[in-house]
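Trainee: I would like to work through this model with you, one question at a time. Could we begin once the sequence and structure are in view?

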Amino acid sequence: MAGDSAARGQTTRQRLLDATVALIPELGWGGVTTRLVAERAGVAPGVVHYHFASVTDLLVAAGTGFSAGMLDLLAKELTTRPGIGEGVDWLLGELSRYSGVDPASLLVVEMFLASTRLPELRERLGEQIAAFRSRVASWLAERGYQGDATAAAAMLAAAVDGIMLHRALDPDLDPAALAGPLRAMFGTIGEGTRP
């Protein structure tokens, strides 16, 4: 019985997190309320407060849960690429899937903005980004990158963020067209260039 109750509680908690992840891009960080989350998740409003102390705690948990999964997947896939140039090409290809105004992009932008006002979010998101950059730096070093791999990983992560912000303003911006400058930064101009 206790196991069933715990499983139901975990399922409800996940529904609340999923509802919040969907609502943030639609309404903005500040527009999400516990009532709206409860409605979207199909539960009574009091259930939200049972699982989360505040709407801010819910927003931080939902946002950082999403970003952790996204960054982990990107790092995992990027670091399977045998060459730096191939990795840059793959990463830019992935960015082409996001318009800058799609739900995932909007969620990330909302999180970055909210992190300027919420120290807990800033700390958690900062830790996730630092872990991503560390994995990318290790991958660069393993692939023979001759420069400062830590700085290069930070630059690549910042470039990804910037490209997404620019795509929201310029839908015609093609991330793949930026391969040349990024490859040049890594010294991989001729390495396995995409046709």
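Trainee: Are Y145 and F186 buried or exposed?

Mentor: The model is predicted, so local features need pLDDT of at least 70 and side-chain atom pairs count only at pLDDT 80 or more, while totals for chains, interfaces and linings use all residues. Residues are numbered from 1 along each chain as its sequence is written, and side-chain values use heavy atoms, with hydrogens and water left out. A residue is called buried under 20% relative accessible area, exposed over 50% and partly exposed in between, with a 1.4 Å probe and protein chains only. By that scale, Y145 and F186 are both buried.

Trainee: Which kind of aromatic pair do Y145 and F186 form?

Mentor: Rings of Phe, Tyr and Trp (its six-membered ring) pair if their centres lie within 6.5 Å, and planes under 30 degrees apart count as stacked, over 60 as edge-to-face and the rest as tilted. That rule gives a count of one aromatic pair. For Y145 and F186 the centres are 5.6 Å apart and the planes make 70°, so by the definition the pair is edge-to-face.

Trainee: How many residues apart in sequence are the parts that this pair ties together?

Mentor: Helices here are DSSP runs (H or I, at least four residues), as strands are runs of E of at least two, and they are numbered from the N terminus. Y145 belongs to the loop between α7 and α8, whereas F186 belongs to helix α9. The pair therefore ties together parts whose separation in sequence is 41 residues.

Trainee: Which elements do the buried residues of α7 pack against?

Mentor: Among the buried residues of α7 are L121, L125, Q128, F132 and W139. After the helix comes G144, with a positive phi near 85°. The buried residues of α7 pack against α4, α5, α6, α8 and α9.

Trainee: Where does the side chain of T64 find a polar atom of the backbone, and at what distance?

Mentor: T64 sits in helix α4 and counts as buried because its relative accessibility is 3%. Apart from neighbours within four places in sequence, T64 is in contact (heavy atoms within 4.5 Å) with M111, L121, R124 and Q128. A polar atom of its side chain and the backbone oxygen of V60 are separated by 2.6 Å.

Notes: Polar contact = N/O pair within 3.5 Å; in protein donor to acceptor, adjacent residues only side chain to side chain.
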